[in-house]
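Please open the model in your viewer and keep the sequence panel beside it. The tour below moves from stop to stop, telling you what to select and what you will find there.

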Amino acid sequence: PLRWRAGDPSHTGYTPWVKNLFECKNARRVLLEGNLMENNWVGADQHGYAIVITPRGEGGAASWAACEDIRIENNLIWHVGGGVQIAGYDSAGPSGRTRRVAIRNNLFADIRMDYALDTVRVIQFNALEDLAIDHNTFVFTGSDARDVIRAFDMNTTGLSYTNNVVPYGNGLWADCGTGAAALACRLPGAVLERNVFIGGTMG
């Protein structure tokens, strides 16, 4: 509820720590389909993502925890500070890996800078194996530049980014370069085809 967000006209004074709308920490064969997911902003220790997928090994107590075969399809996700954050491994200790994630046929609307921490992270990830982002539409509020995708820390293999409509903003970002350099240094073998990058440049 917006009445939980400080600064909103409907705010009642109760301000809980908001984290995300859906999260997987140890999950296999998940289908998240046909949902309306709305209203998520920065709070607690996160950036405003609607969806988080990240194995949590609990300091070694569950080192086998992994996120595999997850499908996010046919959802309307709006009024959020970010789209999807995916981690390949638990950064705090041993875990299994995130593999085979598909994000398809979703509408992400009203992705807002004022709901985010420092920059809007539409799709951010690291160290995955096989990530398909297909037939999604991303709509932003405001004119702040955003990154189409953000990759960092460890390489992701098997990325397929196809048939999406998204404002180009800052393009592709990685912690080792942008554009073609980001593909080469963090996304080896990635496929980017048949997308509409609004406001992008040729080259």
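This is a predicted model: local features need pLDDT of at least 70, side-chain atom pairs count only at pLDDT 80 or more; totals for chains, interfaces and linings use all residues.

**Stop one: aromatic pairs**

By the rule used here, in which rings of Phe, Tyr and Trp (its six-membered ring) pair if their centres lie within 6.5 Å, the count comes to five aromatic pairs. Select phenylalanine 108 and phenylalanine 138: their ring centres are 5.0 Å apart and their planes stand at 20 degrees, so the pair is stacked, a word kept for planes under 30 degrees apart, while over 60 counts as edge-to-face and the rest as tilted. Phenylalanine 108 lies in strand β9 (residues 107–112) and phenylalanine 138 in strand β12 (residues 137–141), so the pair ties together parts that are 30 residues apart in sequence; strands (E, at least two residues) are DSSP runs, numbered from the N terminus. Both phenylalanine 108 and phenylalanine 138 are buried, where buried means under 20% relative accessible area, exposed over 50%, and partly exposed in between (1.4 Å probe, protein chains only).

Next, select tyrosine 168 and phenylalanine 197, an edge-to-face aromatic pair with 5.9 Å from centre to centre and 80 degrees between the planes. This pair links distant parts of the chain, 29 residues apart, with tyrosine 168 in the loop between β15 (165–167) and β16 (171–174) and phenylalanine 197 in strand β19 (residues 196–198). Tyrosine 168 counts as partly exposed, at 24% relative accessibility, and phenylalanine 197 is also partly exposed, with a relative accessible area of 29%.

Residues are numbered from 1 along each chain as its sequence is written, and side-chain values use heavy atoms, with hydrogens and water left out.

**Stop two: the sheet**

Now show the strands as a cartoon and follow the open sheet that seven of them form in the order β1-β4-β7-β10-β13-β16-β17, with mixed pairing; two strands pair if DSSP finds at least two bridges between them. Its edge strands, β1 (22–24) and β17 (177–178), each pair on one side only. Select β7, where six of the six residues are buried. It runs parallel to β4, to which four bridges join it, and valine 52 has glutamine 85 of β7 as its bridge partner. Strand β7 also runs parallel to β10, with five bridges between them, and here valine 84 stands opposite isoleucine 123 in β10.

**Stop three: the largest pocket**

What is the volume of the largest pocket? It is about 430 Å³, a volume being the space filled by probe spheres set on grid points that are joined across faces, edges and corners. On a 1 Å grid over the protein atoms alone, a pocket is an open set of points where a 1.4 Å probe fits, with protein on both sides within 12 Å along at least five of seven lines, and lining residues have an atom within 4 Å of a point. Select Thr54, Arg56, Gln85, Ala87 and Ser91, which lie nearest the pocket's centre among its 22 lining residues. Strands β4 (49–53), β7 (82–87) and β10 (121–126) each supply at least two residues of this lining.
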